[in-house]
Amino acid sequence: MTAGFSVYALDSPKVARTIKMVLEKRRADLVGLMAEGNVSDWADYQRRVGVIQGIDEALRVCDDLEKEAETRR
């Protein structure tokens with residue numbers, strides 16, 4: 001885990017799956033826009049890549065939460 005980042009218990013494992021689905025769609029939309037060349041300049045490209053990397057990290061956290069919930073069953 002990254003310093004300064006804490007994960008709190010969720011009410012249900014479904015919450016992590018729902019968040020994961022929303023993040024996956026957002027990531028796909030951003031990648032699609034970039035593939036279409038929808039960036040204004042290098043700084044915009046870098047910002048979008050950073051957002052995608054942040055979403056990737058959030059998806060890893062969702063995966064970890066799902067695995068943790070499975071081990072508790």
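Helices here are DSSP runs of H or I with at least four residues, and strands are E runs of at least two. I'm keeping that in mind, since this is a predicted model.

**Entry: the outline.** I looked up the secondary structure first. The protein chain has 2 helices and 0 strands. The helices are α1 (13-35) and α2 (42-72).

**Entry: surface and contacts.** How much of the chain is buried? Of the 73 residues, 22% are buried. I also noted that the protein chain exposes about 5,600 Å², with carbon and sulfur atoms supplying 56% of it. Then I checked contacts between residues at least 6 apart in sequence, and 67% of them join residues at least 24 apart.

**Entry: the core.** Which residues make up the largest nonpolar core? I found 7 of them: L23, L30, M34, I52, I55, L59 and C62. Both α1 and α2 give two or more residues to this core, and α2 has the largest share with 4 residues. Leaving out residues up to four places away in sequence, I55 touches L23, R26, R27 and L30.

**Entry: the rings.** I went looking for aromatic pairs and found 1 in the structure. Why is the pair of W42 and Y45 called stacked? Their ring centres are 5.3 Å apart and their planes sit at 20°, and planes under 30 degrees apart count as stacked. W42 and Y45 are 3 residues apart in helix α2, so about one helical turn separates them.

Y45, at 35% relative accessible area, is partly exposed.

Note on methods. Residues are numbered from 1 along each chain as its sequence is written. This is a predicted model: local features need pLDDT of at least 70, side-chain atom pairs count only at pLDDT 80 or more; totals for chains, interfaces and linings use all residues. Side-chain values use heavy atoms; hydrogens and water are left out. Buried means under 20% relative accessible area, exposed over 50%, partly exposed in between (1.4 Å probe, protein chains only). Contact means heavy atoms within 4.5 Å. Accessible areas come from the Shrake-Rupley method with a 1.4 Å probe; for residues, only the protein chains shown count as cover. A nonpolar core is a set of buried Ala, Val, Leu, Ile, Met, Phe, Trp, Tyr and Cys residues joined through side-chain atoms within 4.5 Å. Rings of Phe, Tyr and Trp (its six-membered ring) pair if their centres lie within 6.5 Å; planes under 30 degrees apart count as stacked, over 60 as edge-to-face and the rest as tilted.
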